[in-house]
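Subject: Structure handover

Hello,

I am passing on a structure that you have not worked with before. Please look through it first; my notes on what was found follow below.

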Amino acid sequence: MAFGKRMLGSLHGHKTELSLAVRLAVAAVAAYAIARALHLMLPLWAVLTSLIVTQMSVGRSLKATRDYMLGTVGGAAYGGAIAMLIPHSGEGGLLALLVLTVGPMAFIGAVNPSLSAATVTAVIVLLVPAMNHANPLDSTIDRLFEVSVGGLTGLVVSFLVLPSRAVSQIRINAAQLLELEAAAFAELLAGLTRGLDNDALHRIQDGIGTAMTDLHATGLEAERERAAHLSKGPDTGPLLRTIQRLRHDVVMIGRASVVPLPSNVQARLARPLSDVSNAIVGYMRAVAASLRDGGGNADIQSVDAALQAYTAEVAALRSEGLIRGVPVDVAERFFALGFSLEQMRQNLNDLDRCHAEWCERPAGKPASAKV
């Protein structure tokens, strides 16, 4: 019983991946059945095409279908023209045509990766007639029919069978990225009392960079769905740009954390910085949970209070002259930290507005502290 519950919990945690597996299985079976019913010469290509165009989201399936169909039509036309218009006989002539076919198509695929299917299609159209002693024109037409059946089948399955919208994935990816940024922020801010080496900074930033790339790719898919009126939801741009700016804030704080603050400054700022860290990390994680679940609250007022307390302590330090006389690089990082937190405050206000839009709730009270 316990094992069964663990398995169900594991499957629930990979619901998106499981849905994709079901769609792929349905697309493959449907494409094969349709190809056989239409008596296509090579049902294999219909099945493979259906697998290629059935993607994680409807938006990605649209792009994959468009790219694959364009590449296939272009490759089939070129390969068929080469086979029909240039006379050849024997292995030597076929090899020369193969070079003439692959070279230009490979160059086009390298320049425009979305047309990479053109090379494979042109080769198939050229070689299949030579192996089966078929007519090049018939081979070209068969290839187009096979790919059309597979592409349309995969696209229809993506729409109808456990459809996954990129807008929903935006929530999941954005939540994951916010959690990564929150963890990095907490560790970097703690580095002001112990310092951080470059290797540690790079390890922290690499995971965020990869997640940011994935988020932007999903955003393009979501906008593609919105443009085709296949899904509804807020404009993804403001949320993605805000998360990107928060990443820049984390990078700036990381640079300020390379050298620890002087011991007397550490003692005074330890508690305010800890409160700022807890408030901001808690707020970002609350927003992440709310985005993932599609609702809930995230109170930004605690961030406002923590930054006000930090601002007051920084003002006291400066009025007491504790910053004068410190090494130049330490002073630069101290003021860079203040600037970074100010920028982060503004970006967290923007995040609060985005969160309100995505979760359909009133925006919270903006943080107004000047750092």
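A residue counts as exposed when its relative accessible area is over 50%, and as buried when that area is under 20%. His 39 has a relative accessible area of 72%, so this residue is exposed. His 39 sits in the loop that runs between helix 2 (15-37) and helix 3 (43-53). The phi angle of His 39 is near 60°, which is a positive value in a residue other than glycine. Please keep in mind that this is a predicted model.

On the chain as a whole: there are 13 helices and zero strands. Of its 371 residues, 45% count as buried. Among contacts with a separation of 6 or more, 78% are between residues 24 or more positions apart. The accessible surface is about 18,000 Å², and carbon and sulfur atoms account for 63% of that surface.

As for Leu 348, its contacts beyond neighbours within four places in sequence are Leu 246, Ile 280, Tyr 283, Met 284, Ile 300 and Val 303.

Regards

Definitions and conventions. Residues are numbered from 1 along each chain as its sequence is written. This is a predicted model: local features need pLDDT of at least 70, side-chain atom pairs count only at pLDDT 80 or more; totals for chains, interfaces and linings use all residues. Side-chain values use heavy atoms; hydrogens and water are left out. Helices (H or I, at least four residues) and strands (E, at least two) are DSSP runs, numbered from the N terminus. Buried means under 20% relative accessible area, exposed over 50%, partly exposed in between (1.4 Å probe, protein chains only). Contact means heavy atoms within 4.5 Å. Accessible areas come from the Shrake-Rupley method with a 1.4 Å probe; for residues, only the protein chains shown count as cover.
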